[in-house]
Amino acid sequence: MIANDTIRDLPVAAKRCPECGLRFGIDAAFCPFDGLALAPCTWDRSADPLTGKRVDGRYDVLEPLGEGGMGTVYRVRHATLDRLFAMKVLRHDLADDTELAHRFVREAKATAAVKHPGVVAITDFGELEGGAPYYVMELLVGETLATRIRARGPASPDDAIKVACKIADALEASHAAGVVHRDLKPENVFLVGKSLGRAAEDEIRIVDFGAARVVGASRLTRPGVVFGTPYYMSPEQASGQSVDARADVYSLGVLLYEVVTGVLPFEADTYMGVLTKHMFQQPAKPSARVSSGVQLGALEDVILRALEKDPSARFPSMATMASALASARRAAPAGAPRSGTVRMALAPAGPSTADRIGEAVEKRHAEAERKTRTLVLVTAFAGTATVLLGASALWLAQIGGARADPGAPTQASRPEEPQAPAPPP
């Protein structure tokens with residue numbers, strides 16, 4: 001029976017938007033409504049107005065556990081069942097948007113329809129007296145994947161594959177139910193266990209389904225700002241296009257990249273700077289950013305295919321991605337350490353976007369080099385021809401002078417001939 005609090009990794013330290021004043025968790029970097037960088041601040045959880053109150057006559061609010069872009073999560077006790085749960089309440093400033101509040105409940109109900117052990121179990125819905133909607137979910141014990149990465153650094157390729165396969169399996173069930181997450185990131189992956197070194201013993205729970213869809217369509221979002229976490233956002237979502245399950249495939253690729261390298265594929269000082277890189281810049285290969293001696297093998301191929309800009313070039317589903325991950329893990333030689341080399345070529349899927357861009361760049365470089373060489377040759381030839389013509393002219397002049405009487409003085413130096421005397425008169 002789950003009896004402890006959850007989301008322990010959100011400390012009293014928090015971040016606040018300098019423009020709208022909204023407060024977010026310590027892991028947030030940008031305000032989803034303004035796109036501005038967040039500034040550090042403190043969060044006095046004891047001053048929360050909902051603490052100590054009873055909601056809907058059955059949930060006693062014990063304490064706030066964390067805040068995020070969508071709302072606040074509380075630890076609550078069911079008065080009748082005497083069981084602990086987590087309650088997420090849509091933040092009051094967002095609840096003023098009626099359409100957004102309705103979408104919040106619809107997305108929660110859609111998530112509740114997903115029956116999978118890797119998806120957080122939602123058990124109840126309701127509204128506070130002020131009209132803000134809430135939903136109740138299982139209370140988790142453990143830590144988020146973000147906390148695990150910060151505390152222990154990159155995982156071995158083997159452990160990364162295990163965690164990624166569990167996430168992919170849960171999201172495959174979600175996609176089958178018609179629910180696309182849209183905001184997959186390490187903060188939304190909860191590890192129910194205590195050891196990344198024994199990842200097979202960790203259960204996972206994916207939380208915050210549909211958050212990007214709920215607020216992204218709201219009038220509260222500023223023009224030009226796409227709601228969501230930019231570091232894990234697919235190019236199509238970053239550009240405001242419609243998304244499907246392959247957007248989650250891309251986000252899982254970013255997450256897996258970070259788990260094995262400890263860094264993100266794209267970073268920038270601004271919200272739009274990060275989105276622009278997702279849309280147009282190719283990521284550095286993970287193998288170039290892992291610790292010395294760690295070889296990724298086919299795992300790198302899986303990550304890079306998941307990170308394709310064109311959705312059609314990615315894995316078509318979470319099931320196919322999980323299959324590729326499992327094959328990469330099985331390809332490790334018997335008896336070899338799981339963090340060692342893993343070699344297995346993925347089934348060819350035609351030239352990737354990166355390949356096509358690379359070919360175009362190489363062709364342009366080759367053409368530029370060819371033109372440069374041609375220009376140098378032409379210039380050199382022209383210079384040589386000029387020198388030869390000058391030398392030829394001088395040589396011809398010398399030859400012409402040699403053909404004249406060598407003993408005869410020139411007109412300029414020839415002495416005047418004596419004049420004949422005039423005849424007598």
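Two strands pair if DSSP finds at least two bridges between them. Strands and helices are DSSP runs, E of at least two residues for strands and H or I of at least four for helices, numbered from the N terminus.

A word on the source. This is a predicted model, where local features need pLDDT of at least 70, side-chain atom pairs count only at pLDDT 80 or more, and totals for chains, interfaces and linings use all residues. Residues are numbered from 1 along each chain as its sequence is written, and side-chain values use heavy atoms, with hydrogens and water left out.

Back to the sheet. Strand β11 (residues 189-192) is joined to β12 by 4 bridges, and the two run antiparallel. Valine 192 sits opposite glutamate 203 in β12. Axes are lines fitted to C-alpha atoms, for helices over the stretch in contact, and angles run from 0 to 180 degrees between N-to-C directions.

Next, the other sheet. How many strands form it, and in what order? There are 6, in the order β4-β5-β6-β7-β9-β8, in an open sheet with antiparallel pairing. The edges are β4 (54-55) and β8 (122-127); each has a single partner strand, so one side of each lacks a neighbour in the sheet. Inside, β7 (residues 83-90) and β9 (residues 133-137) pair antiparallel over 4 bridges. Alanine 86 faces methionine 137 of β9. Helix α2 (residues 98-112) packs on this sheet and touches β7, β8 and β9; its direction makes about 165 degrees with that of β8. Contact here means heavy atoms within 4.5 Å.

Look at glutamate 127, in strand β8. Leaving out residues up to four places away in sequence, glutamate 127 touches Asp56, Ala132, Pro133 and Tyr134. Glutamate 127 and aspartate 56 are 71 residues apart in sequence, yet 7.8 Å apart C-alpha to C-alpha.

Now aromatics. The whole structure holds 2 aromatic pairs. Rings of Phe, Tyr and Trp (its six-membered ring) pair if their centres lie within 6.5 Å; planes under 30 degrees apart are stacked, over 60 edge-to-face, the rest tilted. Tyrosine 59 and tyrosine 134 make an edge-to-face pair, 6.4 Å centre to centre with 75 degrees between the planes. Tyrosine 59 is in β5 (residues 59-67) and tyrosine 134 in β9, so the pair ties together parts 75 residues apart in sequence.

Last, the helices around α10. The axes of α9 (residues 298-306) and α10 come within 8 Å and cross at roughly 165 degrees. These helices are therefore roughly antiparallel. The cut-offs: under 35 degrees is roughly parallel, over 145 roughly antiparallel, 65 to 115 roughly perpendicular, the rest oblique. Ala298, Leu299, Val302 and Ala306 of α9 meet Met321, Ala324, Leu325 and Ala328 of α10.

α7 (residues 245-261) also meets α10 (residues 318-330): the axes come within 10 Å and cross at roughly 30 degrees. α7 and α10 are therefore roughly parallel. Asp248, Val249, Leu252, Gly253 and Leu256 of α7 make the contact with Met318, Met321 and Leu325 of α10.
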